[in-house]
Amino acid sequence: MRAIVVGAGIGGLTAALSLHAVGVEVEVFEAVRDLRPLGVGINLLPHAVRELTELGLADRLARVGVATEALVYANRHGQEIWREPRGLAAGYRWPQYSIHRGTLQMLLLDAVRERLGPGAVRLGAEAVAAEGDTAIFRSGETARADLVVAADGVHSAIRAQHYPDEGPPIWNRRVLWRGVTEADAYLGGATMVMAGHAQQKFVCYPIDPAAPPGRSLVNWIAELRFPDGTDWRREDWNRPGRLADFAPRFADWDFGWLHVPQVIAAADRVFEYPMVDRDPVERWTFGRVTLLGDAAHAMYPIGSNGASQAILDARTLAFHAATQPDIDAALAAYEAERRPATSRLVLANRGEGPERVMQMAEDRAPGGFADVAEVIPRTELEAVADGYKKVAGFDRESLNARPSLTPGAA
């Protein structure tokens, strides 16, 4: 079997590695002419780390990612709403990692070139359509294979081919400003923090395991919601942001254990990104062409799930390619498993996912609290956290017990 993967992002490269691992010949086509480690930080949840571990990448991940030990939700005053252990500290068999997106992409790219050959990724090849078993590129070139995997992102040309009236991604009137800052370590040096509420939020986590003692390379996101009728510029990870657009709103966010204005001001560069997603669709597969990752299910960056779900797509597709009787059956099984699951997650993220505990605290105690239990019962907080893990597919008991997606593994 031969496959074409359109897009050399995290989902596309993981799909190439996964399909290669089950004996499929794979070639990757990427629109840009120079792949560089762009972006800022992301999180890989234990279900995604499990899949990369089974691809033999555990040691590489451990060298470049911070193994997250705890997640803390706080209000805009820095008062703790909810804390839970994460990764190995929570009893998972696999860690959770905070990592620079570009570092992860380059790690996957290196692995693809090592295993599939130095010419396995063709750059400067922008796909504009896929017909039958053929990918069509802007240059006029075509490529044929038994399977075409469209992992070409939120602006997927191949998705647009099949949903021509869909239009641009849906903006929810929030804008994210993202940066990386070297700062004093906080809350033990391996904690992810989300503070604020639905109208204004600050998220941060360390992403460099080689940071000096007592210091952290902190990835941060400042988020604001804008009024109805506001327009914004097209989303692009490479567009510089302006401090004046958001920093004044966080000027008094000094929590004692984290000084948000100083973290923002010390960043070398800031990027801006409108928060967008797409509506779930009724079909991913069209003949021998199927969607994967953001092309299939672009979702809000809530609950740290975007990259993780693309990795799960890739591994599930390869598993069915290896275990179903033919390609058509494999694609049907892949879509039947992944499309409903990710559709639920897209909608859950629109409802704030696990982050809604911050809005609960803001609604019930906008001036703060002495004891969160007097504002939100612990059972209510647990129900939010546990419910989202089940929707996203990484509740501990189920994940630890789930059979491997490596064909033939015990």
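A: Happy to! Strands here are DSSP runs of E with at least two residues, and they are numbered from the N terminus. By that rule, Arg 173 lies in strand S13. Keep in mind that this is a predicted model.

Q: Thanks! What is phi of Arg 173 near?

A: Phi of Arg 173 is near 70°, a positive value in a residue other than glycine. For background, most residues other than glycine have a negative phi.

Q: And is Arg 173 buried, exposed or partly exposed?

A: Arg 173 has 23% relative accessibility, so it counts as partly exposed.

Q: Which residue is described as having a positive phi of about 45°?

A: That's Leu 187, which is not a glycine either. Leu 187 is placed in the loop between S13 and strand S14 (191-197). With a relative accessible area of 30%, Leu 187 is partly exposed.

Q: Back to S13 for a moment. What about Thr 181, is it buried or exposed?

A: Thr 181, which is found in strand S13 (residues 170-184), is buried, with a relative accessible area of 1%.

Q: Which side chain does Thr 181 make a polar contact with?

A: The side chain of Trp 220, in a polar contact of 3.0 Å. Leaving aside neighbours within four places in sequence, Thr 181 is in contact with several residues, including Ser 216, Leu 217, Val 218 and Ala 266.

Q: Let's do aromatics. Which residues form the aromatic cluster?

A: Trp 177, Phe 202, Trp 220, Phe 226, Phe 246, Phe 250, Trp 253, Phe 255 and Trp 257 form one cluster.

Q: How many aromatic pairs does the model have?

A: The count comes to eleven aromatic pairs. One of them is Phe 250 with Trp 253: the ring centres are 4.9 Å apart and the planes are at 65°, so the pair is edge-to-face.

Q: What about Phe 255 and Trp 257, how are their rings arranged?

A: The centres of those rings are 5.3 Å apart and the planes are at 40°, so the Phe 255 and Trp 257 pair is tilted. Phe 255 is buried, with a relative accessible area of 10%, while Trp 257 counts as partly exposed at 26% relative accessibility.

Q: Where does the charged end of Arg 159 sit?

A: Over the ring of Tyr 163, 5.9 Å from the ring centre.

Q: Switching to sheets. What is the strand order in the open sheet of six strands?

A: The order is S8-S2-S1-S12-S19-S18, with mixed pairing. Strand S8 (121-122) and strand S18 (285-286) stand at the edges with a single partner strand each, so one side of each is left without a neighbour in the sheet.

Q: How many bridges join S12 to S19?

A: Three bridges join strand S12 (residues 147-150) to strand S19 (residues 289-291), and these strands run parallel. Within that pairing, Val 149 stands opposite Thr 290.

Q: Nice. Which strands make up the three-stranded open sheet?

A: That sheet has the order S3-S7-S4 and antiparallel pairing. Strand S3 (residues 41-44) pairs with S7 over four bridges, and Asn 43 stands opposite Ser 98 there. Two bridges join strand S4 (residues 66-67) to S7, where Ala 67 has Tyr 97 as its bridge partner.

Q: Which way do the S7 residues point?

A: Tyr 97 and Ile 99 point one way from strand S7 (residues 97-100), Ser 98 and His 100 point the other way, and all are buried.

Q: Last one: what span should helix H8 have?

A: At 1.5 Å a residue, the 18 residues of helix H8 (residues 306-323) should span 26 Å, and the end C-alpha atoms are 26 Å apart, which agrees. H8 is also mostly covered, with 14 of its 18 residues buried.

Note on methods: Residues numbered from 1 in each chain as written. Predicted model: local features only at pLDDT ≥ 70, side-chain atom pairs only at ≥ 80, totals over all residues. Heavy atoms only, no water. Pairing = 2+ DSSP bridges. Buried < 20%, exposed > 50% of the residue type's maximum accessible area, 1.4 Å probe, protein only. Polar contact = N/O pair within 3.5 Å; in protein donor to acceptor, adjacent residues only side chain to side chain. Contact = heavy atoms within 4.5 Å. Phe/Tyr/Trp six-rings, centres within 6.5 Å; stacked < 30°, edge-to-face > 60°. Lys NZ or Arg CZ within 6 Å of the ring centre and 35° of its normal. Expected span 1.5 Å × (residues − 1).
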